Amino acid sequence: MADTETENGTSAVAADLADERLIKTEGLSGYFRLFVNRLKSGELGSLPVVIGLIFISIAFYSAEPRFLSSRSIVSITQFAAPIGIIALGIVLVLLLGEIDLSVGSVSGFTAAVMAVLLVNEGQSMFVAILAAVLVGVAIGAFYALLYTRLGVPSFVFSLAGLLGFQGALLYVLGTQGTINLPSDSFLVQFTRFEFLAPAVSYVLVVAIALAYVGSQMWTIRQRSAADLSTPWLPLVLIKGAAMLVGLGFLTYYVNIDRGWSYLWLFFVLMVVLMDFALRRTRWGRHVFAVGGNEEAARRSGIKVNRVYFSVFALCSTLAAVGGLLAAGLQTSVSQASGTTDTNLTAIAAAVIGGTSLFGGRGSAYSAMLGIIVLQAIQTGLNLVGVDSSVRFMVTGAVLLLAVAIDSVSRRARTSSGRG
Amino acid sequence: MSTTATHRAPAGEVVLSLAGVTKRFGAVQALSDVHMDVRAGEVVALVGDNGAGKSTLVKVIAGVYTPDDGNITFDGKSVRASGPAEAQALGIATVFQDLALCDNLDVVANLFLGQEKIAGPFIDEVTMEKEAWRLLRTLSAKIPSVRIPIASLSGGQRQTVAIARSLVGSPKVVMLDEPTAALGVAQTAEVLNLIERLRETGLGVILISHNMADVQAVADRIVVLRLGKNAAEFNVEEATTAELVAAITGASDNVVAARASRGEAAPTQGDQDG
């Protein structure tokens, strides 16, 4: 490889940058131009959400300065987490170009299973949580069978599930209507009262920044050993420093109040793990492949049905986990658990975060960004003191905007050849 | 058996041999008693009119269909692949007409789809990217970057990626179904160059095409199918276009053979609806 390049007198060119048609990316201005070009061709990534979030923050802050207080930020993150976890499952299903409309009902039903076992049957917390999660797995497995064996469209069976599991929730709760969780139980403690100690949180921030820079350095070493182009080291260091400063400031700010809640950290951990699984493992690659072109995936030997199975099962399982955490946060399970707007908030969060409804495009982080946007809107409107009717309308408008952006950027991608 | 690995003469050892292959769909005899040999380092063109049984034969070789009768010998052993993955594992790679690429994934991901290289639990992107460049270089392929999504590639470049992908498992036979069907003049020439390069690396190539010019440009031998039967076989330098067309349509002396095999039933119309 190297000797062909020395003939041209450009010995330093990496194997993947040898083509003369490639636009060279050098220095900060080069990366900036790359970024602009990517936007123009419809590869928006998470930019619309970030801009939206900034816009929302400014708007609510000017109406009610308490919106950006550390107290409100702590509670936004804390209350965003349960539905965020449900949205994470929705991201997976959307990546396959499918939908699960029943996540809300499933979350309510599994929470009720947990509450009944814990409070009425006197089982231990561990058994109750395990049973609820297993119910989630079983529901997802059942969906997957309906989809792969009978060919029932996901829209239909999840719509059936939406009704069915809402009924199951009412049935399990029986005449009680509401089951209160003991306030000393693990779930309530974990979701409501556990916060990261300030010292630990700063150590964590430094560790995250170091891990980022370290992993990038490792990539650089690996790629240069393989004679391939490498990430530009100064940019990596700038990003690492920005991470350190940004996260450090946020941590300082939330530490003024109670700090990072365990619940939020648990959600972030799930997102990071899911992102890793999607981008770095075979399974994740196959999820994207099936979402992009199912026939191509099948022909290249991917066990398509297994991918569907894993995704539907994971989605319902995450819905169950989200339902449990929501129950802990509310300290009770009622007939309204997971019903009203849980479904649509979770789906809207995934789409607003930038996961395409058309399949094959999205990331785990979209669940996090999307749910922060929605939770921020909800908190902001509550602080300003508007009626929940307005909240629904605003959330609907934001969802519409997000889908419109998705559709427009999709068209831009098609016309600029980015699929 | 073992001669030189690369640059072998067109008549290397036989890698794939079909004998008496028969396939029925209900009352339709799609293939009857078809035979074909593919040698290492040779391009065999498979031609025939619509409905001649080309696609069926391709699918039989690719393992999509199991033949009702007949024998497929690959690399000296009698084989019966039940599924494309198995045929691929044996060493028979197929590039289908509709390429089957994932538009949302980049070139590297498409090349190794379903057979990703892994390091521990994770995908080994560096090894895959390196290997991708090696593969594309052996084909002298003109792909500017392997980190761009397939959607941004031209038709010829996609064909290149599809062909390169078929080489990932180091097959012995590569089957190309209408590789030039939707391509422009320059892109067609590029793909034909690619086919010649496959032959140079010692692979047996089966080329299915409707385009006589393409076939005559790169093939060593031409197998003509008509009405599910072997109609003729030419060495490319012996065959004129007129002869080929005659064999494909059955407009010359083959009518006689067809009449003989079908007895006294409707002579001329029967030839047209092949």
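Colleague: Is helix α12 of chain A largely enclosed by the rest of the structure or exposed, and how many of its eleven residues are buried?

Modeller: In this predicted model, helix α12 of chain A spans residues 282-292, and its buried residues include A:R285, A:H286 and A:F288. Among the elements that cover these buried residues are α4, α11 and α14 of chain A, together with α3 and β8 of chain B.

Colleague: Which element gives the largest share of the side of chain B that touches chain A?

Modeller: The contact takes 29 residues from chain A and 28 residues from chain B. On the side of chain B, the elements that give two or more residues are α2 (84-90), β8 (122-123) and α4 (125-138). The largest share, four residues, comes from α4(B).

Colleague: How many nonpolar residues does that side of chain B have?

Modeller: Sorted by class, the side of chain B that touches chain A has four charged residues and five polar ones. Its number of nonpolar residues is 19.

Colleague: Which residues does B:L207 contact, leaving aside its neighbours within four places in sequence?

Modeller: Once its neighbours within four places in sequence are left aside, B:L207 is in contact with B:V43, B:A45, B:L46, B:L176, B:I195, B:V215, B:V218 and B:A219.

Colleague: Why does B:P179 count as buried?

Modeller: B:P179 lies in the loop between β9 (173-177) and α6 (185-200) of chain B, and, not counting residues up to four places away in sequence, it touches B:V95, B:Q159 and B:V191. A residue is buried if 20 or more other C-beta atoms lie within 10 Å of its own. B:P179 therefore counts as buried, since its number of C-beta neighbours inside 10 Å is 26.

Colleague: What percentage of the residues of chain B count as buried?

Modeller: Chain B has ten helices and twelve strands, and among its contacts with a separation of 6 or more, 66% are between residues 24 or more positions apart. Of the 274 residues of chain B, the share that count as buried is 47%.

Key
Residues are numbered from 1 along each chain as its sequence is written. Chains are lettered from A and ligands numbered from 1 in the order in which they are written. This is a predicted model: local features need pLDDT of at least 70, side-chain atom pairs count only at pLDDT 80 or more; totals for chains, interfaces and linings use all residues. A residue is buried if 20 or more other C-beta atoms lie within 10 Å of its own, exposed if 12 or fewer, and partly exposed in between; C-beta atoms are placed from the backbone. Two residues are in contact if their C-beta atoms, placed from the backbone, lie within 7 Å. Ala, Val, Leu, Ile, Met, Phe, Trp, Tyr, Cys and Pro count as nonpolar, Asp, Glu, Lys and Arg as charged, and the others, Gly among them, as polar.
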